[in-house]
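Please read this short report with the structure open beside you. Find each part in the model as you meet it in the text.

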Amino acid sequence: MRTLLLASTILLAAGSAAAQTPAGGTEILTPERVFANPSLSGPVARGVSLSPDGELVAFLRSREDDVDVLDLWAAPTGEGEPFKLIDARALVPDAGELSEAEKARRERMRISQRGVVEYSWDQQGRYILAPLEGDVFLASRSDGTVRRLTETAADEIDAKVSPRGNYVSFVRDQDLVVYDLSAGSETEVTTDGDGLITWATAEFIAQEEMDRDTGYWWSPDERYIALQRTDESTVDVIPRLDITGGGATVVEQRYPRAGRPNAVVELFVHDRESGRRTQVDLGENRDIYLARVDWSVDGRTLYVQRQSRDQKTLDLLSVDPATGASRVILTQTSDAWVPLNHDFRALDDGRFIWSSEATGWKHLYLHERDGTLIRPITYGPWPVKSLNGVNQQTGEVFFTASFGYAERPPGVTGGHSFCPTLDGRGAMCDVQGERPTIQRLWRGSLDQAPTRFQPVTPDGGWWSVSMNKTGTAFVGNYSDLDTPTQSGLYRADGTFVRWIEENRLDADHPFWPYAARRQTPAFGALDSHGEMLVWQMTTPPGFDPSKQYPVVMQVYGGPSGGGVKRAWQGTTNQLLTEAGYIVFRLDNRGEGDRSAAFKQALYLKMGQPEIEDQVLGANYLRSLPYVDDSRIAMMGWSYGGFMSLMAITEPAMGLTSAIAGAPPTEWSLYDTHYTERFMSTPELNIAGYAASDAIPRLENMTGRLLLMHGMADDNVIFENSTRVINALQANSQPFEMMLYPGQRHGVRGNERQLQQWRTYLDFLDRTIGSRAPAAQD
């Protein structure tokens with residue numbers, strides 16, 4: 001079977017030279033144009049959401065004069081043009097410095113822009129709340145007025161409109177505050193937040209690793225507020241230098257490293273009628289994670305997901321908000337880890353939907369109020385990506401997934417490793433099968449046993465969806481290899497209503513002058529231990545298969561949603577192809593929303609199966625006649641930086657050079673929830689931690705290394721790179737280095753990103769490109 005897969009991928013790759021490109025100008029894309037205004041992505045709508053009644057769409061849009069500043073826009077779902085609802089610069093012309101807490105929170109949320117970076121509706125759809133540069137603004141839908149609610153020296157963070165639209169809440173100076181909209185007055189819900197005690201704010205671990213950005217939750221009737229209390233006194237202080245262009249500051253960061261104590265998180269319920277605060281019983285063991293908090297529709301039950309420290313157990317608690325008493329109604333377990341998700345949905349009749357990987361694939365299940373399983377909603381050898389909506393009137397459940405139906409091709413009797421075809425054409429071997437490179441919206445039944453699921457959106461590209469509360473309409477974001485990201489409004493059956501941002505690639509699009517030189521990737525797959533590894537390859541303009549080309553292997557490699565997609569490709573990829581490189585990406589085991597077995601292949605041994613799979617990819621590249629096997633490089637950031645370090649020190653990879661950005665270099669230096677999920681603790685997995693340490697491997701470097709890091713990184717602490725710098729110098733090994741004063745885990749802003757990519761291209765040119773020794777011989 002592997003031979004068949006390899007043969008098919010060679011044919012796909014060889015055919016990439018004939019790939020069709022859209023019409024457009026033939027200008028050569030440059031770094032100077034990529035990192036300039038307006039954005040080459042075109043008018044892409046971010047953070048799109050429907051009003052609860054489905055009559056208005058709100059979204060964020062970059063300013064044409066500054067791509068790093070966002071304004072809030074809205075568009076009627078019927079007739080009428082989009083209009084600017086909140087102009088960030090008009091309301092706050094001179095944005096000041098954000099507080100350290102807000103900087104850290106935005107870093108956790110991967111928010112790099114300024115202006116209106118987030119917003120929320122009340123459940124009636126009367127208001128849109130928008131925090132802006134540390135203060136809170138409320139836009140009224142009825143008359144379009146914008147009301148400033150706060151103007152203080154402190155930042156108001158995590159602002160929300162209460163469900164019925166009577167109050168606005170936010171966290172200020174580590175305490176929760178409620179603002180009465182009719183009275184125009186504030187009430188402090190807590191008053192003792194200070195120092196190491198914080199109320200109503202998700203702790204570092206929850207923000208960075210658990211995809212939980214809030215620390216408080218309103219009940220639907222506005223009577224109760226569930227809120228967490230965080231005590232960081234147990235967390236180790238990790239002093240780090242925050243180095244900027246103007247000097248250095250020592251930050252005493254509370255950073256919970258693997259195997260060390262976490263913050264103590266407690267959950268309380270504040271009763272707004274009585275003013276009483278009641279603690280929720282989370283169990284005797286305080287060393288747990290507060291994973292998720294949800295309310296029942298009637299507000300009588302608080303649902304809490306409690307995850308064990310080793311992440312092998314996830315309990316669903318049913319809590320009485322009046323007393324704080326709790327009981328476990330459902331438990332999920334795993335020999336490796338139980339993943340968290342946002343698929344819990346409480347229904348009007350008291351039942352709820354929740355997902356599980358009990359079958360080895362993530363699927364949706366319907367439960368009674370007490371946790372009793374009623375029936376599965378989805379099934380099959382493919383994973384649900386997310387629960388997107390429920391129409392309780394029609395009994396329809398909407399979800400995104402990467403699978404499809406087809407008949408077996410003639411002469412094929414089945415087999416997981418043959419399924420599916422990856423180019424979106426032809427037959428697949430199973431009635432239901434994975435198609436990891438595409439994603440679309442599907443619908444199933446809430447009240448009937450699952451049979452055949454109905455596609456809502458067309459096949460062939462990548463869809464992400466935001467559905468309204470009633471499950472009658474959705475905003476669909478779509479792109480494919482020839483289509484930049486578009487946003488449209490659709491009925492629940494997939495009928496198109498109107499564009500929000502059509503983003504048509506035509507002569508008016510900012511990318512149009514460069515479109516004709518854009519190369520369409522080829523796709524293929526390799527077999528690794530019975531698992532299908534998908535890859536994509538993009539060749540340079542004017543590709544000639546009779547010649548040989550250098551290759552840049554782009555990598556992330558760690559647990560993520562995967563990078564190989566039949567979606568619009570980033571403009572930085574075109575910078576590499578314009579420079580004469582073949583660009584190759586392989587999703588190794590552990591990466592991508594795939595089966596539990598595929599993801600858990602790296603359990604207790606990060607950096608081992610991933611590198612084994614990348615070696616497989618490198619050997620495949622060397623089998624191609626148009627690849628110069630003496631000029632292969634790898635580049636990656638964060639986990640991708642770790643992978644680049646591991647690959648350049650793996651003789652079987654045979655890399656000529658590697659770029660490692662912000663790499664974790666020894667996993668005991670990284671945080672608890674992420675590291676222990678995959679590696680357990682340093683005490684319990686001595687061999688695994690030792691095998692993933694980059695330092696002992698450095699003497700095996702097969703080529704030149706460029707190391708990059710932000711000098712204020714509070715996620716992958718700068719120490720990860722300084723220990724590599726120190727070891728290489730101690731070994732008298734040459735390497736190159738680029739450091740970014742004041743930058744955290746990512747490099748922000750057009751100017752610095754331009755410098756970053758100029759550095760990338762210069763290094764690649766000197767090591768595998770036109771100025772490389774092999775190219776000059």
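## Helix α8: length and cover

The expected span of a helix is 1.5 Å times one less than its number of residues. Keep in mind that this is a predicted model. Helix α8 covers residues 609–622, which makes 14 residues. At 1.5 Å a residue, α8 should span 20 Å, and its end C-alpha atoms are 20 Å apart, so the two values agree.

How many of the 14 residues of α8 are buried? The count is 11, so the helix is mostly covered, given that buried means under 20% relative accessible area. Among the buried residues of α8 are P609, E610, I611 and D613. Y620 and L621 are also on that list.

## Helix α9: enclosed

Helix α9 runs over residues 639–648. Here 10 of the 10 residues are buried, so α9 is largely enclosed by the rest of the structure. The buried residues of α9 include Y639, G640, F642, M643 and I648.

Strand β42 spans residues 582–586. Why is β42 described as largely enclosed by the rest of the structure? Because 5 of its 5 residues are buried. In a regular strand the side chains alternate between the two faces of the sheet. In β42, I582, F584 and L586 point one way. V583 and R585 point the other way.

Two strands pair with β42. Strand β40 (residues 531–538) pairs with β42 in the antiparallel sense, over 4 bridges. Here W535 stands opposite L586 of β42. Strand β41 (residues 549–554) pairs with β42 in the parallel sense, also over 4 bridges. Q554 has R585 of β42 as its bridge partner. From β41 the chain passes through helix α6 (residues 571–578) to reach β42. This β-α-β crossover is right-handed.

## Nonpolar cores

In soluble globular proteins, nonpolar side chains tend to be buried together. In this model, the largest nonpolar core has 78 residues. Which residues have the most contacts inside this core? They are M537, M553, F584 and L655. Helix α9 gives the largest share of the core, 7 residues. Another core lies apart from it and has 30 residues, among them W568, V583, M708 and L764.

F584 and V583 are both residues of β42, and they point opposite ways from the strand. F584 belongs to the largest core, while V583 belongs to the core of 30 residues.

## Aromatic rings

Rings of Phe, Tyr and Trp pair if their centres lie within 6.5 Å. By this rule there are 36 aromatic pairs. In one of them, the rings of Y303 and F352 have centres 5.7 Å apart and planes at 55°, so the pair is tilted. Y303 lies in strand β22 (residues 302–308) and F352 in strand β26 (residues 352–356), so the pair ties together parts that are 49 residues apart in sequence. Both Y303 and F352 are buried.

F543 and Y549 also pair: their ring centres are 5.2 Å apart and their planes are at 35°, so this pair is tilted. Both F543 and Y549 are buried. One aromatic cluster includes W337, Y556, Y603, Y639 and F642. Y639 and F642 are also buried residues of α9.

## Charges over rings

Some rings have a charged group over the face. R61 lies over the face of W73, at 4.0 Å from the ring centre. The charged end of R566 sits over the ring of F523, 4.8 Å from its centre.

Conventions: Residues numbered from 1 in each chain as written. Predicted model: local features only at pLDDT ≥ 70, side-chain atom pairs only at ≥ 80, totals over all residues. Heavy atoms only, no water. Phe/Tyr/Trp six-rings, centres within 6.5 Å; stacked < 30°, edge-to-face > 60°. Buried < 20%, exposed > 50% of the residue type's maximum accessible area, 1.4 Å probe, protein only. Lys NZ or Arg CZ within 6 Å of the ring centre and 35° of its normal. Pairing = 2+ DSSP bridges. Right-handed = clockwise from strand over helix to strand, strands pointing away. Core = buried A, V, L, I, M, F, W, Y, C linked by side-chain atoms within 4.5 Å.
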